[in-house]
Amino acid sequence: METGRRSLLGAVVAFGTLLGLGWLAYRNADDLIGTQRWIAHTHQVLDTVDATVSMMKDAEIAVRGHLVTGDEDLVRRRAVNRPALEEYLDRLRGLVRDNPEQQRNVDALDLAIRAKLAYSDDVIDHRRSRDIGAAELTDRLAEGLRRIDEIEGLAARVDHHERELLAVREAAALTSTTRTYATLGGGTILALALIASVLVLLTREVKQRREVEAQLRMSEHRLTHALDASQMGLWDLDLLTDESHRTLRHDQIFGYETLQPAWGRQVFHPHLYPDDREIEREAFDRALRTDEFSMECRIIRHGDRAIRWISTQGKLFRDERGEPVRLMGSVMDVTERKEAEQRLQERTQQLEAANEALGSFTYSVSHDLRAPLRAIDGYAHILVEDHADTLDAESRRVLGVIRTNARQMGRLIDDLLSFSRLGRSELDRATTDVAILAHGVCDELRRLEPERTVSVAVGALPTTVADGSMLRHVLANLIGNAWKFTRGRADATIEVGSTDAGHETLYFVKDNGAGFDMRYVGKLFRVFERLHRADEFEGTGVGLAIVQRVVQRHGGRVWAESAPGAGATFWFALPKEKGVEHGARQRGDLVGRGQSGGRGIGGASAQEA
Amino acid sequence: MVEDSPADVELAVRALKKHNLANQLYVARDGAEALDFLFGPEARPVPKMVLLDLKLPKIDGLEVLRRIKSDPGTRRVPVVVMTSSREERDIVESYELGVNSYIVKPVDFDQFVRAVAELGMYWLVLNQLPSGPGPA
């Protein structure tokens, strides 16, 4: 832009300079021609004066001859020259009309000539009427010569003056010529320089323009490709005329192979799926209010008459009075996305229904499966209590087995319900003091088995953001396991601690109990998998599966290190940032939020509000 | 006692008897019977305590609880929900309705007996209630 203005300015200056130069050259040439004309004029005056004087001299010679000889022929010859003389004098007067001084000089010359001619006429008359004496003749001849001299003097004055003028005019002519050359030379150089700089500027501008054009083409190219890649069509609608500019993709979305000659709301309407007319009207009304246009609706495609979903976004433009004049935006065929959304919604509904069913199922399990177990245990108990006298040892042993198994199944159901609930219920995250949870678990274990002496060391445990009641299950299972598997040892030791690992905190529960074979570590966290026989250590095989599920739902991980007889260390890592829930997360919360479980009578939940 | 399972009834009665707490026990086999006992035409004394199962035929335990706690004549009666359900929503709902205790029935009979006995001792013997049914 800047260069453009500079080259335009340069061109204007060059043009002006050339114009001025032309004018100056014309002026100088005009001057020169005028001067030359004046010089020619001067020469004309000089010639005329010269001719006049010589004519007078000729006449004088004729008169003198006549005086001496009385030859009438000479007088006639003189008379013949008179009209020519008159003409010369006339011309001379004409030539000096512009110069008063020369006029006076010429007048004086004219007067002297006429006086001389009159005198000569008088002398000739006199000679004819009588003879002239020698003395008178000499006088007359002398007088004639004197008058001729006077005429020559006057002519010389005219001549002299004219020559002075000639000198002035020739000097003026020289100056004028010099000036003309200078003007022409300097002006030409200046003009050439200006034209050259304009050319340079123009070249530069052309180059810049080419670069800009290349950039423009490139960005257009990119835009086209981006639009192609995104399958996005563009449209630009004139709201006053209902005419539009579109990209080919726009019309292709509506089922046309080529750009249609005309497109506007009137053309769009027949494509609009009838049920979505209201959507379109609302979208336009909203655009008129907010200047933002956004609509998802169905269209009937030209050609195959397929119903397709489109998504279109745009912006409203107004004129200086605030009247809407133009709507511009993009359009995409989003049928696949819409269908996917629909499928997803259906799946979600199915999933919700399945969860609902699962909820009722677990509810039934919780309620109905436990009742018969209680009866089995209860009635076996009654049998032992009320009929002890009639039962032998074997009968009592069998009844004991029945009761043990009934209770075991009760625990299994309880653990399964916990596992299910901890996987289903929504996380209720809050800053949780892990140390308080750990101490609570240990206190409860001591209360349940006061006869055991276990050395428990709970180290510094940083707080974390987690679902407190769920995290309590993790600690209850890990510390509970450590407690259980150290049963055989007199010096049972449990250590609970943590280390910082950058983006996550690692917590561990370490014991010096039975341990396990690392070959089976892969089975450790699976439901119902046990690495010890029931007659060694009781258990349902659900506890560690619960641990893993809870930790994973908090975005953490869990692992274990051990060797048979060398104790075990269980680790779980929790991210320091708010953990991401892994795995499928359900929307319908069947269990209700808040503190779940709550079966521990002595265990304090360290959940902060 | 509102309980549909005869086995549970028998076990509970046994537990209460063991601790001499079952001298005046009335058993309703479903929610309708319970409401009939409490609010029916036959004038009966207001019970000192209600042991209520939740999953009941006809009218469920939560509805019975709601009726007890919304009637001025019975709302001061201690209601202990004793059920197999440890579902959170049952627990929350019960407390919303004003239950006095919520006990999950243990499978283990010994624990069951202990729980029933402790409940009876607490609500019938130790706990002090205001005398009379309270203002209407």
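A:Cys297 counts as buried because its relative accessibility is 0%, where buried stands for under 20% relative accessible area, exposed for over 50% and partly exposed for what lies in between, with a 1.4 Å probe and protein chains only. A:Cys442 likewise counts as buried because its relative accessibility is 5%. Over all chains the count of disulfides is zero, a disulfide being a pair of cysteine sulfur atoms within 2.5 Å.

This is a predicted model, in which local features need pLDDT of at least 70 and side-chain atom pairs count only at pLDDT 80 or more, while totals for chains, interfaces and linings use all residues. Residues are numbered from 1 along each chain as its sequence is written, chains are lettered from A and ligands numbered from 1 in the order in which they are written, and side-chain values use heavy atoms, with hydrogens and water left out.

Of the 609 residues in chain A, 41% are buried, and the chain exposes about 33900 Å², of which carbon and sulfur atoms supply 57%, by the Shrake-Rupley method with a 1.4 Å probe, where for residues only the protein chains shown count as cover. Among the contacts of chain A between residues at least 6 apart in sequence, 68% join residues at least 24 apart, a contact being heavy atoms within 4.5 Å.

Between β7(A) and β9(A) the pairing is parallel, over four bridges, and here A:Val458 stands opposite A:Val496 of β9(A). β9(A) and β10(A), by contrast, run antiparallel and are joined by eight bridges; A:Val496 stands opposite A:Val509 in β10(A), and A:Asp500 has A:Thr505 as its bridge partner. These two strands form a hairpin with two residues between them, and A:Gly502 in the turn has a positive phi of about 75°.

Beyond its neighbours within four places in sequence, A:Asn481 is in contact with A:Ala476 and A:Leu544.

In soluble globular proteins, nonpolar side chains tend to be buried together. The largest nonpolar core has 42 residues, and those with the most contacts inside it are A:Leu471, A:Val474, A:Leu478, A:Ile479, A:Phe570 and A:Phe572; such a core is a set of buried Ala, Val, Leu, Ile, Met, Phe, Trp, Tyr and Cys residues joined through side-chain atoms within 4.5 Å. Elements that give two or more residues to this core include α9 (393–424), α10 (434–448) and α11 (468–485) of chain A, and the largest share, eight residues, comes from α11(A). Apart from its neighbours within four places in sequence, A:Phe572 is in contact with residues including A:Leu471, A:Val474, A:Leu478, A:Tyr507 and A:Val558. A second, separate core of 20 residues includes A:Val45, A:Val53, A:Ala112 and A:Val158.

Another helix to follow is α12(A), which is largely enclosed by the rest of the structure because eight of its 11 residues are buried. Among these buried residues are A:Leu544, A:Ile546, A:Val551 and A:Arg553, and what covers them includes α9, β6 (429–432), α11, β11 and β12 of chain A. After α12(A) comes A:Gly555, whose phi is positive, near 80°.

In chain B, B:Ser85 lies in the loop between β2 (79–83) and α4 and counts as buried because its relative accessibility is 0%. B:Ser85 and B:Asp53 are 32 residues apart in sequence, while their C-alpha atoms are 9.3 Å apart in space. In helix α4 (residues 88–97) of chain B the buried residues are B:Glu88, B:Asp90, B:Ile91, B:Ser94 and B:Leu97, and just after this helix B:Gly98 takes a positive phi of about 100°.

Methods. Two strands pair if DSSP finds at least two bridges between them.
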